[in-house]
Amino acid sequence: MEAAGTGTRTAARRQERRLQAPATVEKQRDRRPRGRLARRRIEEDQEEAVFREVVSFTPDPLPVRYYEKDTTRPISFYLSSLEELLAWTPDAEDGFNVALGPPECRQPPLSSRRPRTLMCHDMMGGYLDDKFIQGSATQTPYSFYHWQYIDIFVYFSHHTVTIPPVGWTNAAHRHGVCVLGTFITEWKDGERLCEAFLAGDERSYRAVADQLVLIAQFFRFDGWLINIENSLSLAAVGNVPHFLRYLTSQLHQQVPGGLVLWYDSVVSSGQLKWQDELNEQNRVFFDSCDGFFTNYNWREEHLERMLGQAGERLADVYVGVDVFARGNVVGGRFDTNKSLELIRKHGFSAALFAPGWVYECLEKGDFFQNQDKFWSLLERYLPTHSICSLPFVTSFCLGMGTRRVCYGQEEAVGPWYHPSAQEIQPLFGEHRLEGNGQGWVKTHCCLEDAWNGGSSLLIRGLIPPEVGTVAVRLFSLQVPVPPKIFLSLVYKLEGPSAVGVALELTTGDAGSCHVGGISALSAETSSRRSLRPLRVPPTKLAKWVGRCGQQLSGGWVQRCYEVNLRGCLLQDLFVNFSRPPGSQKEENFICRLGELQVVDANSLLTPLPQVQAVMVSHVRWQPAASEREGSSAGLRLSCTLHWAYLLPRVRCFRIHCCRGSEGGSPGSGPSEPGRPRLLGLAFVNQYRIVDLAVAAAEPGRDGRVEFLVEPVPKEGFLVPRVEWGRAAMLYSMPRT
């Protein structure tokens, strides 16, 4: 689906590069510093940077904090001491762990007085498979996808400074959920650490607060849970409110929407004495920050007492619920709803601690069923929030799968897990028709098939004889819509079903909202509209809707819609299932949804920026590991790609290699000559290539491997290959 007029833009960029191409200086390999760039020249006709390397098996070392030692895969990290915290400064290596952007706009905003839901993720010490920034080949990872039910995500571990792995931050922000790291001190070591920065003057605690703010700002997460679980001296505890106030005020200045929460542990006397409530002994900490996270062993009388303490800040009290049900708790595990019922009865926010219990303690093979069961039991106590920005695009990918698919074409087979690749998830559950309840629709995750990514949304349902249609609400939106929007739905029906599938939307501001180009469902439901598919898309939009109305590979079908609106608010997206014409019997159906898109028509006409300045650094060569990899795969290449691009315009980057004389994917043999092979996904302007199979260059000749950086726009269309970023590496064996 190439855009019209790309040739003119490409020619203009070629001329621009001729004007801007930098002069380069060749350096001897043994004189280049760590993080060196390979020798570079510009090939104007090919619009790519070319780097030259002489193969050497003595690479420059990479800092262990940022990379897995054996493979050099980028990893998320934590800080273990006060000294490490105070010494940290932003570094180029930190760039891998920076989130793509802030949380998406949402309604109601987090600042509203509505009770909130906090999820505190504590799993087996943290930094498990989620630490691999570019993903891993994990077969049965933990996955969270009920994002519409939660407002705040806390990544918890017992390291002093827990920086959330960027995959969690990207997934949460995509759903409008804010992310907090954890600052924790414990035991005797914690006492000494606290004395060091709290017992002195303000310079000490301000230095710590400034570092915490800098870390959150740099990595683009949203604040901190402060958890002091050790006794404090009178001098130290006296400075805690000052520390909290300073940290909170600085965070609010530097991180829009930032939060600082205090955990119920130390009291104002300095004793470590959990209260299980907000009271006079810990109120001073609550008054100094954005919220209070209670301990877990409360009863209803604790909640009743807190009503007076919290005053108008009921929503800022997060009543803790240990899902493992340790200690004397009201309810946990599959009885967690008993705790939620009491918390909501009194108008407080809830803090669910370790809902990964369903993964840690139950059968891994039943994880998705248990996860859905757990959250369905809480559904009535968990108000949802709405995304309120366009474009709104999702392939329902969970950020994991048993294979990788790109627009219906299988790209790779094998397990993968990449939390940053998780796309916007719908409202899950079972929906029954009013009345006798015979008609129903259920939504599930589906790893068995995918249109784009590793999974799709499976919808099962039944249309009873007495009704014509059933519908399921997938997303709650609050989007002021532009004059014209385009919508697209990719789906396929399983089996011989002739059930009709259509997209529906609801609009608000019905008094002033004018909708054209679609037909109303009925006079009684005038704010709910069924859409007419486009027969022939406008020429300028062919790059986005080039498959509309066509039968696609794998049995998928794409339907596209054009809607003209004026003064409207887009509220909900439904999928409607209707019985076949003439049918009077009960109709069962199974439908898979592969993609849903809602896009401002004007945004599709805005030129995309070009991937620029592709560079190669941190090169490492290794001999092939075994003979089974073939005689042509004599080397393994690891290196880092860097490029320049405006990140607010992109969903991700797809990184490919294309062989000249050789080049294959990590863990595989060489690729087919001239054909790009997907290496992985990037969510920042850099990517670490690890153990890429390449052929040993023949004596007197260069080997060649080309790297391609494909931007994936937020609107969800394919960018022509001529507009990708490119860099090639020429390499030769050392002279003997």
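In the hairpin of β15 and β16, Tyr407 takes a positive phi near 50°. That hairpin has 2 residues between the strands. The model is predicted. This briefing starts at the hairpin and then covers a sheet, backbone exceptions, salt bridges and cavities.

- Strands β15 and β16 (residues 409-417) run antiparallel. They are joined by 6 bridges.
- Arg404 has Ala412 in β16 as its bridge partner.
- β15 is mostly covered, with 5 of its 7 residues buried.

**Sheet β29-β30-β33**

- Strands of a sheet pair through backbone hydrogen bonds, either parallel or antiparallel.
- Here 3 strands form an open sheet, and the pairing is antiparallel. The order is β29-β30-β33.
- β29 (612-623) and β33 are the edge strands, each pairing on one side only.
- On average, neighbouring strands of this sheet are turned by 20° against each other, direction ignored.
- β29 is joined to β30 (residues 635-644) by 8 bridges.
- Within this pair, Val616 stands opposite Leu641 in β30.

**Backbone exceptions**

- Most residues other than glycine have a negative phi, and most peptide bonds are trans. The cases below depart from one or the other pattern.
- Gln107 and Pro108 are joined by a cis peptide bond, with omega about -10°. Pro108 sits in the loop between β3 (106-107) and β4 (117-121).
- Leu390 and Pro391 are also joined by a cis peptide bond. Its omega is about 0°. Pro391 is placed in the loop between β13 (386-387) and β14 (392-394).
- Thr72 is not a glycine, yet its phi is positive, near 65°. The residue lies in the loop between β2 (48-54) and α2 (82-87).
- Is Thr72 buried or exposed? Thr72 counts as buried because its relative accessibility is 5%, and the cut-off for buried is under 20%.
- Phe396 likewise has a positive phi, near 65°, in a residue other than glycine. Phe396 is found in the loop between β14 and β15 (400-406).
- Phe396 has 2% relative accessibility, so Phe396 counts as buried.

**Salt bridges**

- Side chains of opposite charge can pair when their charged atoms come close.
- How many salt bridges does the structure hold? The count is 33.
- Glu68 and Arg73 form one of them, at 3.1 Å from N to O. Glu68 is partly exposed, with a relative accessible area of 23%. Arg73 is partly exposed too, with a relative accessible area of 26%.
- Arg206 and Glu202 form another, at 4.0 Å from N to O. Both residues lie in helix α5 (residues 202-219). They are 4 residues apart, about one turn of the helix.
- Arg206 has a relative accessible area of 34%, so Arg206 is partly exposed. Glu202 has a relative accessible area of 40% and is partly exposed.
- The side chains of Arg432 and Glu430 meet in a salt bridge at 2.7 Å, N to O. Glu430 counts as partly exposed, at 38% relative accessibility.

**Cavities**

- Rolling a probe the size of a water molecule over the atoms shows where empty space is left.
- The count comes to 6 cavities of 30 Å³ or more.
- The largest cavity has a volume of about 90 Å³.
- Its lining is made of 14 residues. Phe96, Ile133, Ala682, Phe683 and Val684 lie nearest the centre of this cavity.
- Which elements give two or more residues to the lining of the largest cavity? They are α3 (166-174), β32 (677-682) and β33 (686-694).
- By class, the lining of the largest cavity has 9 nonpolar and 5 polar residues.

How values were computed:
Residues numbered from 1 in each chain as written. Predicted model: local features only at pLDDT ≥ 70, side-chain atom pairs only at ≥ 80, totals over all residues. Heavy atoms only, no water. 1 Å grid on protein atoms, 1.4 Å probe; cavity = no way out; pocket = protein on both sides within 12 Å on 5 of 7 lines; lining within 4 Å. Points joined across faces, edges and corners; volume = space filled by probe spheres on them. Nonpolar A, V, L, I, M, F, W, Y, C, P; charged D, E, K, R; others polar. Buried < 20%, exposed > 50% of the residue type's maximum accessible area, 1.4 Å probe, protein only. Pairing = 2+ DSSP bridges. Axes fitted to C-alpha atoms, helices over the stretch in contact; angles between N-to-C directions.
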